[in-house]
Amino acid sequence: MNYDSARSAPAKGTVRTLSQSELPLLRDHLLRLDRTSRYDRFHGFMDDGFIKRYAEKCASDGTVIIAYFDNGTVRGAAELHPPEQSPDGEPEIAFSVERSARRKGVGSVLFRKLIAEAQARGYRSLRITTGAQNEAMRTLASKFGAKLTFRHGESTGSIDLARHGQPEPVPAAVAPLEAARAIANLNRAYWQMVFKMYGWGRAA
């Protein structure tokens, strides 16, 4: 599955976390995956029945779904599975992008949002597993610091979240402060002009 390489036009959709009532959208997205994409996502071809049961499990076990919407339809998803669902107690992540949304940077956007979500929950590391033949996913995972090893037909690795610094929402919170500074500077310039015009002396 080619997520980011040889990009065409950049993605123009929106990315957000699905609410509990929206989780069936994950099922619909996974059912739209073509045969090759299903094989890459689940490390083997899975029929519709399996995908429906899998989506139902995600809706009931606390899995967080970060979705990419294009014209109101989920075309990509990043899954953050809680550590309680993993045999080694490490939260596991998974990605899927429909063919129509590939080569637009969707995979990277989802990866960044998922890392921010994991950091906000206090997770220290993430585990990712992908098929040995899924070169694009392995490349994307390596881009975000995953150290992958090949074993039993799969590539498995962990991402150390401490290497990714602060979660994404932290820098975003700086924006209001910068806006306040800009307004203060504008007000200061305005009153300096008024004092100069009326000869009231220098503004403070």
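In this predicted model, a search of the whole structure finds five aromatic pairs.

Select F42 and F50 first. Their rings form an edge-to-face pair, with 5.4 Å centre to centre and 85° between the planes. Now colour by accessibility. F42 is buried, because its relative accessibility of 9% falls under the 20% cut-off. F50 is partly exposed, at a relative accessible area of 26%.

Ring pairs join F42, F50 and Y54 into a cluster.

Keep F42 on screen and show R41. The charged end of R41 sits over the F42 ring, 4.5 Å from its centre.

Move to R35 and F45. Here the charged end of R35 sits over the ring of F45, 4.2 Å from the ring centre.

Next, select F111 and F144. How are these two rings arranged, stacked or edge-to-face? The planes meet at 5° and the centres are 4.4 Å apart, so the pair is stacked: the cut-off is under 30 degrees.

Switch to the cartoon and trace where each partner sits. F111 belongs to helix α4, residues 106-120. F144 lies in the loop between α5 (135-143) and β6 (147-151). The pair therefore ties together parts that are 33 residues apart in sequence.

Finish with a surface around this pair. Are F111 and F144 buried or exposed? F111 is buried, with a relative accessible area of 0%. F144 is buried too, at 8%.

Definitions and conventions. Residues are numbered from 1 along each chain as its sequence is written. This is a predicted model: local features need pLDDT of at least 70, side-chain atom pairs count only at pLDDT 80 or more; totals for chains, interfaces and linings use all residues. Side-chain values use heavy atoms; hydrogens and water are left out. Rings of Phe, Tyr and Trp (its six-membered ring) pair if their centres lie within 6.5 Å; planes under 30 degrees apart count as stacked, over 60 as edge-to-face and the rest as tilted. Buried means under 20% relative accessible area, exposed over 50%, partly exposed in between (1.4 Å probe, protein chains only). Helices (H or I, at least four residues) and strands (E, at least two) are DSSP runs, numbered from the N terminus. A charge sits over a ring if NZ of Lys or CZ of Arg is within 6 Å of the ring centre and within 35 degrees of the ring normal.
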